[in-house]
Amino acid sequence: MTGPDAPGGPDPATARDDILGRLGAPDDSVAEAYGAIRREYLRRHSEGDVRALFAERVAHYRAVVHTVTEARLPGALAAALRPGAYVLAPGLPAAWAAAIPPDRRAADGAELDAVAGVVTGCAAAIAETGTIVLDHGAGQGRRALTLVPDHHLVVVPADRIAADVPEALARLDVTRPLTFVSGPSATSDIELTRVEGVHGPRSLEVFVL
Amino acid sequence: MSMPTYLGMPPFPDAAREAVADTRLRRNLARATGTIRERRAAAVAELADWDELRECAKQIKDHTLGHLGHYLRMLEERVTAAGGVVHWARDAAEANAIVTRLVRETGETEVVKVKSMATQEIGLNEALAEAGIAAVETDLAELIVQLGDDRPSHLLVPAIHRNRAEIREIFRRAMPSAPADLTDDPAALAEAARRHLRARFLAARVAVSGANFAVAETGTVLVVESEGNGRMCLTLPETLITVMGIEKVLPTARDLEVFLQVLPRSSTAERMNPYTSAWTGVTPGDGPRAFHLVLLDNGRTATLADAVGRQALRCIRCSACLNVCPVYARAGGHAYGSPYPGPIGAILSPQLRGLGSDVDASLPFASSLCGACYEVCPVAIDIPEVLVHLRGKAPKKPSERLAMGLAGAALASPRRLAAAQFAAGRSRRAVRRLRAPRAWTDTRDVPVPPAQSFRAWWKANRDRT
Ligand code: SF4
């Protein structure tokens with residue numbers, strides 16, 4: 001479908017046909033030509049312990065990283081809370097949040113701009129680049145949840161960590177909304193000095209299981 | 001074509017002469033480009049397969065450009081199936097009319113914007129302003145440019161020509177919420193911008209963005225960014241309007257594995273940029289309820305018809321070529337008279353707009369053909385080759401061409417040029433050292449001229465006028 005048109009505006013059907021017309025008729029060689037693209041790059045850049053590499057790389061972005069056992073996770077999460085209420089992403093495993101007292105949990109429908117932070121899981125992580133990928137499914141919440149609050153606590157189970165970008169993308173469904181997070185929000189717009197947190201969460205705290 | 005030449009914009013050499021005279025601008029630019037250049041070389045050297053990634057990125061782009069109609073039809077179908085609406089615009093005026101109408105239909109008079117070359121190319125903010133719609137730029141740098149009533153000078157760091165003291169003055173003057181005791185500490189300036197914009201984001205009902213990539217196979221659109229203002233724009237408003245050049249489409253989601261590796265390292269010299277957002281149509285309960293994708297031609301199909309020039313459409317706007325360019329480092333982004341500065345601007349603007357105006361006809365001469373831009377380009381655009389090709393097509397008025405030629409003012413001083421070329425050469429040697437033995441730097445063919453050094457050539461020509 002093409003957008004309806006306002007009186008006097010451009011004729012959308014004509015614009016579409018014109019542009020596609022200039023690009024020539026469809027041909028059936030596309031799939032074959034696409035298959036012939038040479039992909040000689042590496043599927044991954046390092047061998048070895050992806051969890052350790054991920055922890056190192058994500059720390060490089062000045063995120064706070066904790067490597068914890070499943071048993072110690074609840075205590076570590078609770079200890080990381082700052083003053084104020086935290087949103088627990090819907091579907092977050094109850095055991096993870098067991099040590100977060102009820103009065104520290106933001107009420108349903110709380111103003112996101114007023115809460116201190118948010119606790120989530122993730123869909124995947126990329127060791128090579130220190131990236132966390134959210135697909136905003138269970139335990140991650142809709143996109144605004146991990147955007148507006150200032151403190152993002154994210155739990156990364158070891159089996160979610162892919163070695164590198166190609167492997168991570170192969171695990172993801174790109175038709176879901178996706179957010180790739182590599183460290184806290186940053187800008188280098190003022191004399192190329194890196195400043196954390198212009199708009200997104202200013203603190204990213206990662207709990208690697 | 002319909003990309004605006006900035007009003008009253010002098011041709012490249014005049015503008016470059018002014019910029020070169022501005023020592024503060026030159027200092028800011030030199031420091032900034034030097035820093036990014038070194039960081040990029042390190043980020044690229046970290047990947048042993050950079051050459052293969054680069055070759056694949058080039059092949060994917062060439063393949064897509066060769067079957068662009070096919071992939072655009074597929075993209076349209078998939079975006080529509082996912083609940084989005086696709087619009088087609090032959091030129092800037094059509095694109096602006098579509099966006100203006102879409103905003104009007106929401107009843108809003110203000111939109112939030114995330115930095116986008118495409119919207120700048122079509123002069124969208126000005127078109128919206130004429131229709132009584134305020135476009136609020138939300139990138140820190142764009143905000144600085146907008147509040148300073150200024151023009152951007154760098155693809156990625158548009159306020160690269162402003163230093164912190166100037167930025168503080170701009171904020172104090174034009175930002176009502178800025179604290180009276182605002183210092184020029186970058187963190188304090190960023191905090192002021194965060195507070196200024198937070199209120200706008202939370203109230204915004206319509207956002208306008210560009211796109212870095214769109215996947216034909218799935219209808220997925222991506223925005224790659226640093227600050228999080230993109231996420232704000234893509235997530236919080238009810239209506240999202242994305243304006244995208246038709247060359248941004250990629251065949252499949254798998255292709256992202258190449259571009260998400262080469263783009264961040266080439267542009268901000270990071271392993272990965274802080275935020276990348278991907279969305280497919282609309283998602284109930286999460287993000288905008290209406291999504292419009294405006295597919296923009298504006299000279300692209302015409303560029304595609306030129307067998308040599310079309311490689312410019314591979315560009316992923318990483319800005320690596322700007323940072324290694326000795327001419328850009330001296331002349332500054334404003335000298336290029338278009339939203340696309342530096343080496344890529346010198347080959348893209350004259351193709352998108354045609355060689356009709358003085359500024360466009362002079363752009364292919366705004367280079368020393370040193371080749372540094374080609375070496376760093378992650379999609380292997382042979383910018384010197386296209387420059388030489390476009391020089392051949394530029395209007396033939398020899399005296400004028402010599403007068404316009406090659407950033408004369410910028411490069412008139414032998415000391416300056418030697419320093420600039422030394423810097424460029426040093427970064428190339430650094431790349432070679434780090435990347436031996438397969439460095440592409442050793443094998444590239446340099447197009448026609450520089451057997452003679454550029455400076456000798458230019459001097460000879462200047463002395464004859
Ligand atoms: S021409 Fe190449 S190096 Fe320059 S901005 Fe485009 S992709 Fe980057």
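Predicted model: local features only at pLDDT ≥ 70, side-chain atom pairs only at ≥ 80, totals over all residues.

Me: Why is Arg300(B) called buried?

Reply: Buried means under 20% relative accessible area, exposed over 50%, and partly exposed in between, with a 1.4 Å probe and protein chains only. Arg300(B) has a relative accessible area of 2%, and is therefore buried. Leaving aside neighbours within four places in sequence, Arg300(B) has contacts (heavy atoms within 4.5 Å) that include Glu121(B), Glu247(B), Arg317(B) and Tyr340(B).

Me: How do you know that the span of helix α4 of chain B agrees with its number of residues?

Reply: Helices (H or I, at least four residues) and strands (E, at least two) are DSSP runs, numbered from the N terminus. The expected span of a helix is 1.5 Å times one less than its number of residues. For the 14 residues of α4(B), 68-81, this gives 20 Å; the end C-alpha atoms are 20 Å apart, so the two agree. Among the buried residues of α4(B) are Leu72(B), Leu75(B) and Glu76(B).

Me: What makes a nonpolar core, and which residues touch the most other members of the largest one?

Reply: A nonpolar core is a set of buried Ala, Val, Leu, Ile, Met, Phe, Trp, Tyr and Cys residues joined through side-chain atoms within 4.5 Å. The largest has 125 residues, and those touching the most other members include Leu72(B), Leu75(B) and Phe171(B). A second, separate core of 20 residues includes Leu102(B) and Val294(B).

Me: Why are β3 and β6 of chain A called paired strands?

Reply: Two strands pair if DSSP finds at least two bridges between them. Strands β3(A), 117-120, and β6(A), 151-156, have four bridges in the parallel sense, so they meet the definition. Thr120(A) has Val154(A) as its bridge partner in β6(A). Both strands belong to an open sheet of five, in the order β1-β11-β6-β3-β2 (chain A). Its edge strands are β1(A) and β2(A), each pairing on one side only.

Me: What makes 1-37 and 50-208 of chain A separate domains?

Reply: Domain bounds come from an automatic or database domain assignment. That assignment gives domain 1 (1-37) and domain 2 (50-208) of chain A. Their centres, taken over C-alpha atoms, are 40 Å apart.

How values were computed
Residues numbered from 1 in each chain as written. Chains lettered and ligands numbered in written order. Heavy atoms only, no water.
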